[in-house]
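Hi everyone, thanks for coming. Let me bring the structure up on the screen, and then I'll walk you through a few places in it.

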Amino acid sequence: MRLAGLISNTKSTLVHTPAWQRLVVHHNDMQHVHMMDLFDKNPDRFSEFSLQFESMLLDYSKNIITHDTMDHLFYLARKQRVKENRDAMFRGEKINNTEGRAVLHTALRNRSGHPVMVDGKDVMPDVLRVLNKMQAFTDKVRSGEWKGYSGKAITDVVNIGIGGSDLGPNMVCRALTPYADRLKVHFVSNVDGTQIENRLMHLNPETTLFIVASKTFTTQETITNANTTRKWFLAHADTTEKDIARHFVAISTNSDAVRKFGIDVANMFEFWDWVGGRYSLWSAIGLSIALYVGMDRFIELLEGAEAMDKHFQNEPFDTNIPVILAMIGIWYGNFFGAESSAILPYDHHLRLLPAYLEQADMESNGKSVDRDGNHTTYSTGKVIWGTEGINGQHAFYQLLHQGTRLIPTDFIASIRSHSCLEEHCNILAANFIAQTEALMRGRNMKETRLQLRNAGVELDEIEKHLPHMTFYGNQPSNSIVLEQLTPRSLGSMLAMYEHKIFVQGVIWNLNSYDQWGVELGKKLARNILDEIEEGRSMYQHDSSTEGLLHWFLEKREN
């Protein structure tokens with residue numbers, strides 16, 4: 001591994017445990033098994049390897065697994081104390097050991113209100129207080145009672161954030177567009193000035209509300225965009241400093257910085273250090289969602305997530321959807337050598353889900369040091385990628401079908417679309433189902449030769465084309481089917497992925513809730529920004545970095 005010797009002299013012993021070695025032996029028996037043979041031997045495979053949760057179906061039968069495989073995987077989960085770690089998280093214990101924090105995004109959707117204790121204090125009264133504050137605020141804005149500086153109602157909302165303060169709310173708003181009925185919601189995250197300029201040129205300062213989402217109110221990209229927006233707002237006629245309070249609200253914990261910006265702290269929405277950024281859409285960070293679809297719909301989103309939380313807490317491993325998905329991922333990543341996994345939604349409203357899950361998964365489990373500071377000797381967090389499935393078919397599916405890599409995939413679809421175009425929906429559904437079958441089946445030489453012969457192709461041409469038209473198949477996939485994409489079903493699906501990521505972190509003995517790896521780049525960027533603004537070198541760099549810096553400075557000057 002590339003960091004060996006730089007972090008710790010000790011290495012994890014996970015791969016030497018009996019539970020791990022059982023899977024090594026089992027993999028030797030399974031590595032050349034074809035899924036088509038498994039289906040031929042077991043006509044009931046679909047019913048035995050599929051589960052329903054409320055209106056969601058998980059079909060995991062198109063995987064290179066048997067009941068023995070799952071038993072071995074569940075044995076590993078028990079030995080790695082998944083149940084005990086899960087219970088510790090829900091109890092509010094400080095499972096984020098490197099930062100000494102609890103991990104309680106689940107408390108944000110605890111609709112029962114039962115106590116959740118952190119340091120001897122029940123956090124639920126604070127959670128409910130912020131939700132009530134969000135309710136009151138969103139009701140005022142959506143009803144038109146909240147007026148801008150000129151007395152006009154708000155028509156547009158701009159969420160200014162980055163990372164979890166952008167990806168989650170943006171993804172959910174796009175997913176729930178059919179439920180939007182009053183306001184337009186926009187998102188700005190990129191510090192590249194092009195994005196904020198393009199957004200502002202189409203907005204009316206009289207009717208626009210800006211949400212500045214930054215826990216510390218110091219995040220460089222967010223505060224830069226917020227300050228640019230503030231200048232734009234004040235540059236318009238008839239606006240003064242006091243008008244900022246009617247058009248800017250904050251999601252933060254830094255009341256001094258919020259007040260200094262000009263935002264009324266009465267319009268500052270709080271969240272807590274036990275809410276990680278990539279798990280924060282359930283908190284006040286979801287204010288843009290609540291404004292877009294209404295607080296009642298936001299509550300439905302929370303309720304869907306809570307339902308999955310209860311499923312994860314209460315179901316045994318063999319019927320526990322997050323555990324099953326997590327362990328199948330371990331199977332491919334650690335025993336088949338799969339390096340990536342694709343998220344392929346066949347629903348235009350879920351087009352941002354792959355990007356959201358990239359952060360949720362890779363920032364959580366992209367670690368090479370375990371919770372105890374030991375260097376891992378096994379592969380951890382896979383590369384997560386993907387796009388809308390129907391577009392992907394005309395882009396990268398060639399690699400999935402005939403490439404040299406094993407790439408497990410999650411196919412996601414809704415049975416009932418919010419569109420009324422039946423022909424479109426039928427084509428989408430047909431492709432969703434067909435692609436999972438094609439990835440599994442492949443096409444052998446006998447089938448290909450017969451197909452070409454029936455098409456009237458000459459014998460010598462058939463033999464020439466055969467190698468290019470045959471492929472092995474046996475590419476695994478999960479199919480996740482929603483009856484319809486609703487706030488509740490979306491909440492359940494997102495919580496499902498959160499818990500999947502958590503379980504995999506427990507198996508690998510990782511702290512899935514810190515992200516120290518991003519800090520160095522931020523620190524160096526601050527140093528280089530000083531140099532760019534000063535127009536000269538001020539710190540020691542390698543020759544490449546120094547060369548790039550001088551190139552920028554020289555060309556800027558010219």
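**A walk through the model**

Let's start in helix α13, where Lys-310 and Glu-306 both sit, four residues apart, which is about one turn of the helix. A quick word on what you're looking at: this is a predicted model, where local features need pLDDT of at least 70 and side-chain atom pairs count only at pLDDT 80 or more, while totals for chains, interfaces and linings use all residues. Residues are numbered from 1 along each chain as its sequence is written, and side-chain values use heavy atoms, with hydrogens and water left out. Helices (H or I, at least four residues) and strands (E, at least two) are DSSP runs, numbered from the N terminus.

Back to our pair. The side chains of Lys-310 and Glu-306 form a salt bridge, at 3.9 Å from N to O; the term means a side-chain nitrogen of Lys or Arg within 4 Å of a carboxyl oxygen of Asp or Glu. Are these two buried or exposed, or something in between? I'll call a residue buried under 20% relative accessible area, exposed over 50%, and partly exposed in between, using a 1.4 Å probe and protein chains only. Lys-310 is partly exposed, because its relative accessibility is 43%, whereas Glu-306, at 11%, counts as buried.

How many salt bridges are there by this rule? The count comes to 26. One of them joins Arg-109 to Glu-498, with the closest N and O atoms 2.8 Å apart. Arg-109 lies in the loop between α5 (82-91) and β3 (117-118) and Glu-498 in helix α21, so this pair ties together parts that are 389 residues apart in sequence. Both Arg-109 and Glu-498 are buried.

For another pair, look at Arg-182 and Asp-181, whose closest N and O atoms are 3.0 Å apart in a salt bridge. Here Arg-182 is exposed, at 52%, and Asp-181 is partly exposed, at 49%. There is also a network of salt bridges, linking Lys-121, Asp-126, Arg-129 and Glu-270.

Now over to strand β13, which covers residues 477-484. Ile-480 is found in this strand, and with 0% relative accessibility it counts as buried. What is Ile-480 in contact with, leaving aside neighbours within four places in sequence? Its partners include Met-56, Leu-57, Phe-411, Phe-432 and Tyr-497, where contact means heavy atoms within 4.5 Å.

Two loop residues deserve a stop. Asn-474, in the loop between α20 (459-469) and β13, has a positive phi of about 60° although it is not a glycine. Asn-474 is buried, at 6% relative accessibility. Asn-509 also has a positive phi, near 60°, and sits in the loop between α21 (487-507) and α22 (519-534). At 22%, Asn-509 counts as partly exposed.

Last stop: Asp-318, in the loop between α13 (295-314) and α14 (321-335). Asp-318 is partly exposed, with a relative accessible area of 46%.
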